[in-house]
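Please read them beside the structure itself.

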Amino acid sequence: MQLHIDNSFIDELPADAVTDNHVRQVFEAAFSYVNPKVPKQPKLLHVSPEMIEAVGLNLEYANSKQFLEVFSGTSVYQNTKPYAMAYAGHQFGSWAGQLGDGRAINLFEVLHNQQRWALQLKGAGKTPYSRQGDGLAVLRSSIREYLCSEAMYHLGVPTTRALCLIETGDDVLRDMLYDGNANYEKGAIVCRLAPSFIRFGNFEFFAARQDYKNLKKLTDYTINHFYPHLGSPSKESYIKFFEEVKQRTLKMIIDWQRVGFVHGVMNTDNMSILGLTIDYGPCGWLEGFEYNWTPNTTDAENKRYRYGNQPNIALWNLLQLANALYPLVEATKPFENILNQYKIDFEVDYLNMMRSKIGLVQQLETDADLITRLEALLLKYETDMTIFFRKLCHYQKGMTTEGFDLISEAFYNVEGLPETLKMAWLNWFGDYNHRLQMETANDTQRSEAMKRVNPKYVLRNYMAQLAIDAANVGNYELIDELFQLLKKPYQEQPENEKWFAKRPDWARHKVGCSMLSCSS
């Protein structure tokens, strides 16, 4: 098989003049050439048939020796030069300086069916940006990345994709909880794809060093390849570019909130310039509906990246991008207007998203209060977010007590529910029923519309952990079972009903099922 290689990033942007692979500060370069570490005994665990075809390959080739060698980093594909990207960023609100691809190595770009894909190995070894790290990844984090990215795509959330999952045969030392108890784990690599892996931090990298020549080159490249409809690069198109990045980022955040996804590490170097969900580390989906939940052990105290704060963090990150782009425009007002518009747009878009989750099409002023009261009730008592909204899809006009019974399965301890809270729920259902009388859709139409935005299946952390535990003893069947399940998250799939369930008690405090570290 022959890939259609088109390496625009390394062809059009400046390369690091230093060519040997050692950790260092990199200047006046968008990337550094570096080859992957050759793994000890690579083994293909899973491939995505959809993404194999998307890059112009087929499943027969995916089972070939050459495929395994190229996508494990054993050999370099003909006429290509792997590289690691240079970027900087703010981490947990503080400037961190140079960061870069510390454990990701870009293989090449492919053009197929008028679509550009950059293919990147995560966990393929040390790069000039690895700092104190080894550049490797372990099986547990690789399984999460592989399943999460594909799950998000099928949920309709903008995201990077995954091509394949490969076990390396190497042992990798990791301190999973950062508590001084390091252990060796199985090494693995995920090949992930996106039209581009450029992040907010790529622009911060040049701006912070006042390297405005290369900042312009990077911005012009990004507009020319990924925002060509904005026209030739100019001060006007730079503003339009920022406006569109704002819109794409906002859409992504609204989708995160809709499905209950928490990224966990919304640093500026983890923000895609294309508005894609990128870098699946200590992430997760809400079990109980909780504004303050973060899956990241590093963020457990301050909860900067908690579910309810994600919209604010996206705005803060956009402000950092605006600061980076400012030297190209030399005017603050256009950026301020766009950032202020984000706040307005979020309020409108979030309200409309929540309307869709509870089956409202007409837009009434009283809807905001109805939704605020609903969220307050969900926050008062541990209630599974996914199950609640999916059960609500079956609500029929005229239900009151029956409505409460319908969603009671979502409570983690229905027997312990205070009577006063039950009465508050019944009052809400009374108002909800009254509001539905103003809708023209019948129960069946409303139910089907709600099911299209309220998934039945998400990748709960305990589900991923079950697949990880099985894989660690050589059983990879559950990876494929979850992969297939998550391709149809909005469908009933009665044969998979066991996965439509609240987090089991054993998983409440189990490592990997509640909290994850940045090495997860």
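1. The count of aromatic pairs comes to 36, in what is a predicted model. One of these pairs joins Phe 92 and Tyr 305, whose ring centres lie 5.3 Å apart with their planes at 35°, so the pair is classed as tilted. Since planes under 30 degrees apart would count as stacked and those over 60 as edge-to-face, the angle of 35° leaves this pair in the tilted class.

2. Phe 411 sits in the loop between α13 (401-407) and α14 (419-436), and Trp 425 sits in helix α14, 14 residues apart. Both Phe 411 and Trp 425 are buried. They also belong to a cluster linked by ring pairs, whose members include Tyr 381, Phe 404, Trp 428 and Tyr 432.

3. Which residues touch the most other members of the largest nonpolar core? They are Phe 9, Phe 71, Leu 163 and Trp 425, in a core of 167 residues. Helix α8 (residues 235-259) supplies the largest share of this core, namely eleven residues.

4. For Phe 71, leaving aside residues up to four places away in sequence, the contacts include Leu 57, Leu 107, Phe 108, Leu 119 and Leu 121, and also Leu 163, Cys 164, Ile 166, Ile 189 and Cys 191. Leu 163, one of these contacts, is itself named with Phe 71 among the residues that touch the most other core members.

5. The charged end of Lys 81 sits over the ring of Tyr 33, at 4.1 Å from its centre, and Arg 161 lies over the face of Tyr 153, at 3.5 Å from the ring centre.

6. Is Ser 130 buried or exposed? At 7% relative accessibility, Ser 130 counts as buried, and its place is in the loop between β7 (115-122) and α5 (139-154). Not counting residues up to four places away in sequence, Ser 130 touches Val 23 together with Gly 102, Gly 125 and Gly 135.

Notes
Residues numbered from 1 in each chain as written. Predicted model: local features only at pLDDT ≥ 70, side-chain atom pairs only at ≥ 80, totals over all residues. Heavy atoms only, no water. Phe/Tyr/Trp six-rings, centres within 6.5 Å; stacked < 30°, edge-to-face > 60°. Helix = DSSP H or I, 4+ residues; strand = E, 2+ residues; numbered from the N terminus. Buried < 20%, exposed > 50% of the residue type's maximum accessible area, 1.4 Å probe, protein only. Lys NZ or Arg CZ within 6 Å of the ring centre and 35° of its normal. Contact = heavy atoms within 4.5 Å. Core = buried A, V, L, I, M, F, W, Y, C linked by side-chain atoms within 4.5 Å.
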